[in-house]
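Good morning, colleagues. Please take a moment with the sequence and the coordinates on the screen; I shall then speak about charged pairs and about a pocket.

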Amino acid sequence: SMAYVNYSAALNFGVVVPKKDLKNYYFKTNLPDSAFVDRLLYHTHNLTFFLNALQRQDKAYIALREEAEFWKRYLNDSLPVIPLLKNKAFLKMGSKSEVVKFIVRRLKATGDLSAGIPDSTTVMSPEIYTAITNFQNKAGLYVNGQVGNVTIRLLNMPAVYWLEKVNINMELYRYERGSVH
C-alpha cells in the first residue's frame with residue numbers, strides 16, 4: 001500500500017525535502033525512485049526485516065539518534081539558567097566568578113560535566129574548560145574555551161532548540177546518505 005511506500009521512503013530518505021524546505025541548501029540529495037519501490041515490493045514477504053534494514057545503522061546516525069533521545073528527556077524540565085556577563089566580559093581558565101557556579105550546574109545537568117565537580121565552584125578549572133570547549137565544538141562556535149555571552153546564550157537555549165537541531169541533522173543525513181541497503 002502507499003502507507004508502506006511512504007513509511008519506507010521516510011525511514012530511508014527522511015521527510016524534509018531540503019531544497020524545498022531549507023534555504024541555501026546546495027547539497028545533492030537522493031530521493032525515492034522506481035527502483036526503490038521495486039525493492040520495496042520485492043521484500044514484502046519479510047516486512048519486519050526490510051523495515052529494520054532501512055534504519056540507518058552507522059555510527060554517526062546512531063549518535064544523532066541518541067542525542068535526540070537525550071534532549072527529549074529535558075523537554076518538560078527547566079535547565080539551570082546562566083546569567084549573562086556584564087561589560088562584554090568573558091571567563092577563561094583560572095577566572096573566578098559567581099557565574100561559574102551556574103555554568104557548572106548547567107553543564108552537569110546536561111551530562112557535559114562530571115557530577116564530581118562541586119556546584120559551589122567559582123573558578124574555571126581544567127575540567128570546566130574542557131567541558132566548555134566540547135560544548136563550543138558541538139554548538140558550532142569558535143572553540144577557544146572562553147565563556148562570553150554568545151556561549152552563555154547558547155548554553156541557555158532550551159532543550160527543544162537542541163532537539164530541533166538534531167532532528168534537522170538527522171533528516172539532512174538521511175538525504176545525503178540515503179539508499180536502501
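Let me begin with glutamate 98, which is partly exposed, its relative accessibility being 48%. Please bear in mind throughout that this is a predicted model. The partner of glutamate 98 is lysine 101: the two form a salt bridge in which the closest N and O atoms lie 2.6 Å apart. Lysine 101 has a relative accessibility of 21% and also counts as partly exposed; the cut-off for buried is under 20%.

Salt bridges with shared partners also build a network here, and its members are Glu67, Asp112 and Lys138. In total, the structure contains five salt bridges.

I turn now to one pair within that network. Glutamate 67 and lysine 138 form a salt bridge, with 3.8 Å between the closest N and O atoms. Which parts of the chain does this pair link? Glutamate 67 belongs to helix H5, residues 59–72, and lysine 138 to helix H7, residues 126–139; the two residues are 71 apart, so the pair connects distant parts of the chain. As for accessibility, glutamate 67 is partly exposed at a relative accessible area of 22%. Lysine 138 is likewise classed as partly exposed, at 43%.

Lysine 72 and glutamate 69 meet through their side chains in a salt bridge, at 3.1 Å from N to O. How far apart are lysine 72 and glutamate 69 in helix H5? They are three residues apart, and therefore about one helical turn separates them. Lysine 72 is partly exposed, with 42% relative accessibility, and glutamate 69 is partly exposed as well, with 44%.

My last topic is the largest pocket, whose volume is about 210 Å³. Both Glu67 and Lys138 are found in its lining. The lining also includes Leu64 and Trp71, together with Phe135, Asn137, Ala139 and Gly140. Trp162, Lys165, Val166 and Asn169 complete the list.

Thank you for your attention.

Terms used
Residues numbered from 1 in each chain as written. Predicted model: local features only at pLDDT ≥ 70, side-chain atom pairs only at ≥ 80, totals over all residues. Heavy atoms only, no water. Salt bridge = Lys/Arg side-chain N within 4 Å of Asp/Glu carboxyl O. Helix = DSSP H or I, 4+ residues; strand = E, 2+ residues; numbered from the N terminus. Buried < 20%, exposed > 50% of the residue type's maximum accessible area, 1.4 Å probe, protein only. 1 Å grid on protein atoms, 1.4 Å probe; cavity = no way out; pocket = protein on both sides within 12 Å on 5 of 7 lines; lining within 4 Å. Points joined across faces, edges and corners; volume = space filled by probe spheres on them.
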